[in-house]
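Reader: I am new to this structure. Could you show me how to read its strands and its chain contact?

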Amino acid sequence: MSENNHAGVTRRDFLELGLKSAAAGVVLAPGVMLYSAAEARPADEPASSKVRWGMLIDTSKCASGCDACVTACEKENGWGGPNSNEKHSNALQKSQWIRKVELRNVDTGATSSLPMMCQHCANPPCVDVCPTGASMKRADGIVLVDRHICIGCRYCMMACPYKARSFVHEELENQSVNAPRGKGCVEACTFCVHKLDRGDGTTACAEACNADGHKAILVGDLKDPNSEIAQTVAKYATTQIRAELGLNTGMRYQGI
Amino acid sequence: MKKPLFTQIEGGKGFYSLLVLLGAFILAALGSVYYMEHNGHWVTGMNNQIVWGMPHVFAIFLIVAASGALNVASIGSVFGKKMYKPLAPLSGLLAIALLVGGLMVLVLDLGRPDRLLVAMTHYNFKSIFAWNIILYNGFLAIVAVYLWTMMEKRMNRYTTVAGFAAFFWRLILTTGTGSIFGFLVAREAYNAALLAPMFVIMSFAFGLAFFMLVLFAIYKWSGRPLGDGVVQRLKNLLGVFIGAVLYFVLVYHLTNLYITERHGVEAFILRDGGIYTTLFWVGQIVIGSLLPLVLFYHPTLGKNRNLIGFGALLVILGGLAQLYVLLIGGQAYPLEIFSGYEVLHGFNEGMINSYTPTGWEISLGLGGVAFALALVAVAIKVLRFMPQSLADDAVDVHH
């Protein structure tokens, strides 16, 4: 079955990779990696509700026309791109885990640019409506789809206020080991859960944005008062998209 | 009034030809399913913007009509109207058949129909969809018991109790179906408590229209007498139901027209939506509602049985149009994600989403209808569902 295709990566390789990258993180960026959430979590330990993963996106730093975050996500998770493994699907049928949006304020004319993806709600409508419980929220706030019990009914896509989810319209080959995908199932941004679980403390999109020098995406633990993200949202006005729905999103925006 | 005599219908060339015809539709549907599931949904008109397409229109229509088809039996058992009692077995049978047909379409359009067992064993009780799975299965079981109490003499004394149970269950079931949309906060066309009772009243109309067509066909093709008394009573009732649906549609749109936030979606459905606007005004309102009302209540046309049957057919077509507008139109209208902003560039942000159903999807939907009709045809051939006569002197048309 396509979703079980892990391309020959053993558990040992996977863990080693995780440990190495965590160690690298400490050497390269000691200031960032000091935070407790950024430690590798043992595989037999469940995600903790003491952590709430969040992202703060500063639209004033997000460059118009730049799609480094989208490209990085495609590469990390094995969807989209010029060599998309969705060979038959048309543009509207292909998966889109993250997208860049350019906005203009109707009153003032001010423009802003931002990435949109799963907002990792604390009260996610997709989880509410899922008949089998395949749509689920981890204790640390990450919203995921369990590809083993997703029946492909697409009710979560009807329910998502952010159009964040995609349905896989065809058989897939050459998948990324980071994110198994499957025909007939629904998928979305995983908050790079594989990276967080091995202690990277960040996501592919944030890394790419930083590498390009924009630094528009800040990843961290909203519940840790010492984290940069918690301190920033405590200091500056930030918004949640469609905040009126009361979903308490993990994705926060500055500048819109 | 003597007790009606229930008998099997006789088979014949016509009967078997009908089965062959329905079988062809069912086979075509299964072929389409194989093609769609083998390739994946990229061969359909569906995409990540319009995620529920033509199969859902048919499936939801059949499920809604199923609960409505049971009304005829309920009027007899629950409300004690004698005229409806001889019609009750067919009413229960049609209810089961339509539900099975609808569920067939719904399940076969899943991304992973092979995981039906997962859906039956994993329940998220906050999901109205999960509740619906329980409600559908319960409906099949309760109506089966209800039919048993009607058709087995020793069980007759339980018919009223079973009838009440089935009536309440069907109201809950259609409330559940309407709430699939009513509970959706994301989209402006849905997210309204009114949708649940509106679906209940739609079920009254669609189910009765289906029942009348099937009844007329059975009595015509089996050469059994069907009196004008029954036909006129059913026709008048359907007229009332059409009016009630129109009332709910009016309240739904008036509410949305009052709420500024929803002006966009209203303008889309009522004025600027192209195919959806046409389907609403021409399909749902004129062909599906006003024309049948004229046919039913016109002093001379309203007496012509063929025209009454035609009117019932129009109600069904109007119902399909109504669900198409609600389901597809509701998804075609873009989500209002960035309030107060205009989207300059994005991934289909703020754009009307397009959907063109493919033949595969239509074939699957028609297959569900054919399967329901084939079930009815076979059942009335092997079991005693149909009264020998529904002539005016054989039924109590005044009660």
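Author: Start with one pair of residues. This is a predicted model. In strand 9 of chain A, A:Met251 is the bridge partner of A:Met55.

Reader: How many bridges join strand 1 to strand 9 of chain A, and do they run parallel or antiparallel?

Author: The general idea comes first. Strands of a sheet pair through backbone hydrogen bonds, either parallel or antiparallel. Here strand 1 (residues 53–58) and strand 9 of chain A run parallel, joined by four bridges.

Reader: What is the order of the strands in the open sheet of chain A?

Author: The order is 8-1-9, three strands with mixed pairing. Strand 8 (217–221) and strand 9 (251–254) of chain A are at the edges. Each has a single partner strand, so one side of each lacks a neighbour in the sheet. From one strand to the next, the twist averages 20 degrees.

Reader: Which helix packs on the sheet?

Author: Helix 8 (residues 228–235) of chain A does, touching strand 1, strand 8 and strand 9 of chain A. The direction of helix 8 makes about 110 degrees with that of strand 8 of chain A.

Reader: Now the two chains. How many residues does each give to the contact?

Author: Chain A gives 45 residues and chain B gives 38 residues. Strand 2 of chain A gives the most to its side, with six residues. By class, the side of chain A that touches chain B has 23 nonpolar, 12 polar and 10 charged residues.

Reader: Which strand of chain B pairs with strand 2 of chain A?

Author: Strand 2 (residues 341–345) of chain B does, in the antiparallel sense, over four bridges. In that strand of chain B, B:His345 stands opposite A:Glu102.

Definitions and conventions:
Residues are numbered from 1 along each chain as its sequence is written. Chains are lettered from A and ligands numbered from 1 in the order in which they are written. This is a predicted model: local features need pLDDT of at least 70, side-chain atom pairs count only at pLDDT 80 or more; totals for chains, interfaces and linings use all residues. Two residues are in contact if their C-beta atoms, placed from the backbone, lie within 7 Å. Helices (H or I, at least four residues) and strands (E, at least two) are DSSP runs, numbered from the N terminus. Ala, Val, Leu, Ile, Met, Phe, Trp, Tyr, Cys and Pro count as nonpolar, Asp, Glu, Lys and Arg as charged, and the others, Gly among them, as polar. Two strands pair if DSSP finds at least two bridges between them. Axes are lines fitted to C-alpha atoms, for helices over the stretch in contact, and angles run from 0 to 180 degrees between N-to-C directions.
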